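User: Could you walk me through this one? I'd like to start with the backbone and then go on to packing and pockets.

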Amino acid sequence: MPKTYTLQVAGLTRELPICKVNDGLYIAAFIMFSDVEMTVRCAEELLKKAPAFDVLLTAESKGIPLAYEMSRQSGKQYILARKSVKLYMRDPIEVNVKSITTAAPQKMYLDADALGYLKGKQVLIVDDVISTGRSLESLEGLVEIAGGTVAGKAAVLAEGEASEREDILFLAPLPLFTDDK
């Protein structure tokens, strides 16, 4: 098993550490936090591919830098689906999610203000990596509850079989690793 994976995306190269998910399955850990150059370049490239949209939606927390930068570059607002209810959230609603990178099932929350903002809007869902698609499904559920329309689903990387999906936009595939690879 290699210790790193060489990723080339948006004209940049990064060495990603290989991390064990469970017996026999490993992933290359892509973390945009603190990598301003990567965040800016990926936002630029995704915006070139993105359909028309009114607002961006992402999940806490790894999608935040990307959504912020895409918002800054496009001038469109972004909404954040939280992983816990905050004191300031008014009338939050929840959906369930089980991600490959998180051990336990989680919930995502939007409050009444965010739901109201999404109503009737074309929503571009963004994240750093799409793997199983479960986080995407949860975000799509929030858009549906809010009365918005999913304009598109975009990520920097599509991991494993997600790279074969035709309903998502992404900049590069990311392989999964097994003990025999």
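**Backbone, packing and a pocket**

Analyst: This is a predicted model. Alanine 10 sits in the loop between β1 (4-9) and β2 (12-22), and although this residue is not a glycine, its phi is positive, at about 55°.

User: Which residues does a cis peptide bond join?

Analyst: The cis peptide bond joins glutamate 60 and serine 61, with omega at about 10°; serine 61 belongs to the loop between β4 (55-59) and α2.

User: On to packing, then: at roughly what angle do the axes of α1 and α2 cross?

Analyst: The axes of helix α1 (residues 36-49) and helix α2 (residues 64-74) cross at roughly 60° and come within 9 Å, and the two helices are therefore oblique to each other. Their crossing is right-handed.

User: And which residues make the contact?

Analyst: From α1 the contact takes Thr39, Val40, Cys42, Ala43, Glu44, Leu46 and Leu47, while α2 brings Pro65, Leu66, Glu69, Met70, Gln73 and Ser74. Sorted by class, the contact of α1 with α2 has 8 nonpolar, 3 polar and 2 charged residues.

User: Switching topic, how much space lies in the second largest pocket?

Analyst: The second largest pocket holds about 190 Å³ of space.

User: What lines the second largest pocket?

Analyst: Its lining is made up of Gln77, Tyr78, Ile79, Leu80, Arg82, Tyr88, Met89, Leu110, Asp111, Asp113, Ala114 and Tyr117, with β5 (78-81) and α3 (112-118) each supplying at least two residues of that lining. By class, the lining of this second largest pocket has 8 nonpolar, 1 polar and 3 charged residues.

Note on methods: Residues are numbered from 1 along each chain as its sequence is written. This is a predicted model: local features need pLDDT of at least 70, side-chain atom pairs count only at pLDDT 80 or more; totals for chains, interfaces and linings use all residues. Side-chain values use heavy atoms; hydrogens and water are left out. Axes are lines fitted to C-alpha atoms, for helices over the stretch in contact, and angles run from 0 to 180 degrees between N-to-C directions. Helices (H or I, at least four residues) and strands (E, at least two) are DSSP runs, numbered from the N terminus. Angles under 35 degrees count as roughly parallel, over 145 as roughly antiparallel, 65 to 115 as roughly perpendicular and the rest as oblique. A crossing is left-handed if the near helix is turned anticlockwise from the far one by less than a right angle, and right-handed if clockwise. Contact means heavy atoms within 4.5 Å. Ala, Val, Leu, Ile, Met, Phe, Trp, Tyr, Cys and Pro count as nonpolar, Asp, Glu, Lys and Arg as charged, and the others, Gly among them, as polar. On a 1 Å grid over the protein atoms alone, a cavity is a set of points where a 1.4 Å probe fits but cannot get out, and a pocket is an open set with protein on both sides within 12 Å along at least five of seven lines; lining residues have an atom within 4 Å of a point. Grid points are joined across faces, edges and corners, and a volume is the space filled by probe spheres set on the points.
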